[in-house]
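Please look over the model shown below before reading the numbered points that follow.

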Amino acid sequence: MKPVFYTVGLLAAILLMSYNIPNTNNLNKDLTMENSKKQDSVLRHVVLFKFKANTSKEDIAKVEAAFSALPSKIPQIVGYEWGTNNSPEGLDKGFTHCFFLTFNSEEDRAIYLPHPDHKAFGAVLTPHLEDVTVVDYWTK
């Protein structure tokens, strides 16, 4: 009877110990995925505009064109898209335009912000701008 208890006890101990041994294959896979995420992460710069009520469609079109020209003038912008709000929720608070820029680094964004072409765009925009919201984030 004692050999049976010893055998069962030994098997139980082995099973319990096996649960505490880290699976290095999954650990390496998790580390590889984490490193991949870091390498693939980019900095997004999201800009929302609310135009003054008396801004003409022509002036808004000039702002759109001036912003859309920035990626061809500032090489640090690696991605660009924009659009106008069409959300049915009614939560836009008057913001009609969203511009979405992508940078590879905070250093690239730091070059963009004071860039002369970005400043020139600001001169086109400012007379028509009632409000702006900017959110920057690193992708996950």
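1. Ring pairs link F49, F51, F67, Y80, W82, F99 and F121 into a cluster, where rings of Phe, Tyr and Trp (its six-membered ring) pair if their centres lie within 6.5 Å, with planes under 30 degrees apart counting as stacked, over 60 as edge-to-face and the rest as tilted. This is a predicted model, in which local features need pLDDT of at least 70 and side-chain atom pairs count only at pLDDT 80 or more, while totals for chains, interfaces and linings use all residues. Residues are numbered from 1 along each chain as its sequence is written, and side-chain values use heavy atoms, with hydrogens and water left out.

2. The structure holds nine aromatic pairs. One of them, formed by W82 and F99, is stacked, at 5.5 Å centre to centre and 15 degrees between the planes. Because W82 lies in strand β2 and F99 in strand β3, this pair ties together parts that are 17 residues apart in sequence; helices (H or I, at least four residues) and strands (E, at least two) are DSSP runs, numbered from the N terminus. F99 is buried at a relative accessible area of 0%, whereas W82 is partly exposed at 36%; buried means under 20% relative accessible area, exposed over 50% and partly exposed in between (1.4 Å probe, protein chains only).

3. The rings of F103 and Y112 have their centres 5.1 Å apart and their planes at 50 degrees, so this pair is tilted, and both residues are buried. Y112 also figures in the largest nonpolar core, of 17 residues, where F49, F67 and Y112 touch the most other members; such a core is a set of buried Ala, Val, Leu, Ile, Met, Phe, Trp, Tyr and Cys residues joined through side-chain atoms within 4.5 Å. The elements giving two or more residues to this core are β1 (43-51), α3 (57-73), β3 (97-103) and α5 (116-125).

4. In α3, the buried residues are I60, V63, E64, F67 and L70. They cover an arc of only 105 degrees around the axis (taken from the directions from the helix axis to the C-beta atoms), which puts them on the same side of α3. They pack against β1, β2 (79-84), β3, α4 (106-112) and α5, contact meaning heavy atoms within 4.5 Å. The face turned away from this buried side carries the exposed residues E58, K62 and S72.

5. Two loop residues deserve a look. K93, in the loop between β2 and β3, has a positive phi of about 55 degrees although it is not a glycine, and K93 is exposed at 67%. A53, in the loop between β1 and α3, counts as exposed at 84% relative accessibility.
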